[in-house]
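Here's a quick briefing to read alongside the model. Have the sequence and the 3D view open as you go.

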Amino acid sequence: MNNLRHSWLLSTLALCVGASAAEPGFVSGSSATLQARNYYFSRDFSDIVGANKQSKAEEWGQGFIFNFKSGYTPGLIGVGVDAIGVVGFKLDSSPDRTGTGLLPVQGDGRAADEYSRVGGTLKLRYSKTELKVGELQTNLPILQYNDSRLLPPTYQGASITSSELEGLTVQAGHLSSTSLRNEAGDEKMIAVLGHVPQRKADSDAFNFAGGDYSFNGNRSTVSLWYGQLEDIYQQGFVGFKHSQPMGDWTLGANLGYFTAREQGAASWVISTTGHFTRCSLPNVPDIPSAWVTRQFMVMTLSPVCSRTFRHWATKCRPMSLPTPTNVRGRCVTTTTSLPWAFLA
């Protein structure tokens with residue numbers, strides 16, 4: 001009986017060692033890619049009512065994106081590294097056509113001829129839990145990753161992801177700075193309106209935590225997330241996704257609910273220029289802060305901002321405020337100079 005038990009234990013150990021040895025190592029599990037991206041961007045502002053600094057934004061650039069991802073060293077705790085290097089070159093631009101988000105704009109109003117940055121990430125893995133420290137490309141409901149220009153943006157910080165329980169993935173992190181898609185260096189976390197950084201309101205960190213739970217054969221997923229941009233806002237998200245096969249078709253549903261409120265020293269206020277914006281002035285007369293908060297992040301992340309805003313304005317706005325007259329993407333403009341709630 002003892003010999004049989006020992007044989008079973010040795011067989012189990014041999015299977016575990018064999019499975020571990022079959023896993024890719026630091027070098028054999030590595031991969032590298034080089035992507036060339038040629039980007040021409042043109043946007044016409046000539047038909048927008050109101051004062052405009054320029055009639056259009058139009059630029060052309062060439063970018064190269066190098067990504068390296070290593071495997072993990074063998075052992076109880078696997079160690080690996082990731083690296084990213086990007087460079088962008090100006091092909092065409094002029095001071096009266098900047099602002100596309102493709103190229104950094106210098107102090108003289110001209111786009112830089114080239115810009116580049118390099119970043120690295122240390123990663124540690126234990127079982128199904130992974131810790132990453134360094135350059136991150138986080139994509140979450142409360143921190144969406146936007147790679148829609150010449151070069152991708154990145155964040156600097158730390159995150160931990162765990163999938164120890166079947167169907168459940170939890171993640172938490174602390175981000176201390178960011179590299180925007182058209183910037184060479186890193187800087188504090190800031191609010192962004194369109195592609196324009198709002199440098200009057202910055203933050204020392206973005207903290208987040210949450211998770212996704214998949215069930216029903218991975219056809220259904222519930223999500224719960226919390227994010228905090230220190231001294232600016234706090235945000236919560238609850239989501240539900242479901243896909244239902246129907247013959248050769250699949251019917252999908254994606255529902256999400258956001259809540260948000262201001263946090264810390266910076267206050268979200270109302271613009272008086274007739275164009276939606278955000279800033280960090282401490283107070284604006286006659287504008288109750290409760291009227292602004294708990295609404296703007298829902299609008300910011302809504303894919304149907306026109307309908308969302310009109311519903312919100314009808315329910316919550318003071319009667320003296322008019323109805324939006326023009327909707328363009330995520331920016332709502334009006335022909336009035338009365339105060340408006342911002343929509344970024």
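A residue is called buried under 20% relative accessible area, exposed over 50%, and partly exposed in between (1.4 Å probe, protein chains only). With a relative accessible area of 41%, Leu122 therefore counts as partly exposed. Bear in mind that this is a predicted model, where local features need pLDDT of at least 70, side-chain atom pairs count only at pLDDT 80 or more, and totals for chains, interfaces and linings use all residues. Residues are numbered from 1 along each chain as its sequence is written, and side-chain values use heavy atoms, leaving out hydrogens and water.

**Nonpolar patch**

- Leu122 sits in strand E4; strands (E, at least two residues) are DSSP runs, numbered from the N terminus.
- Leu122 is part of a nonpolar surface patch, whose members also include Phe26, Val27, Leu76, Tyr126 and Ile160.
- Together, the patch residues have about 940 Å² of accessible area, worked out by the Shrake-Rupley method with a 1.4 Å probe.
- To join such a patch, a residue needs over 30% relative accessible area and no salt bridge, and nonpolar side chains (Val, Leu, Ile, Met, Phe, Trp, Tyr) are linked within 5 Å.
- A salt bridge here is a side-chain nitrogen of Lys or Arg within 4 Å of a carboxyl oxygen of Asp or Glu.
- Strands E3 (78-92), E4 (114-126) and E5 (129-136) each give two or more residues to the patch.

**Rings**

- There are four aromatic pairs, counting rings of Phe, Tyr and Trp (its six-membered ring) with centres within 6.5 Å; planes under 30 degrees apart are stacked, over 60 edge-to-face, and the rest tilted.
- Phe64 and Phe89 have ring centres 6.5 Å apart and planes at 75 degrees, so they make an edge-to-face pair.
- That pair links distant parts of the chain, with Phe64 in strand E2 (residues 56-69) and Phe89 in E3, 25 residues apart.
- Phe64 is partly exposed at 33% relative accessibility, and Phe89 is partly exposed at 35%.
- Arg125 lies over the face of Tyr72, 4.3 Å from the ring centre; the rule asks for NZ of Lys or CZ of Arg within 6 Å of the centre and within 35 degrees of the ring normal.

**Strand pairing**

- E2 and E3 run antiparallel, joined by 10 bridges (strands pair if DSSP finds at least two bridges between them).
- Lys69 stands opposite Asp82 in E3.
- E3 also pairs with E4, antiparallel, over 12 bridges, with Val86 partnering Arg117.
- E10 and E11 form a hairpin with four residues between them, and Asn216 in the turn has a positive phi of about 60 degrees.

Technical notes: Patch = residues over 30% accessible without salt bridge, like charges linked within 9 Å, V, L, I, M, F, W, Y side chains within 5 Å.
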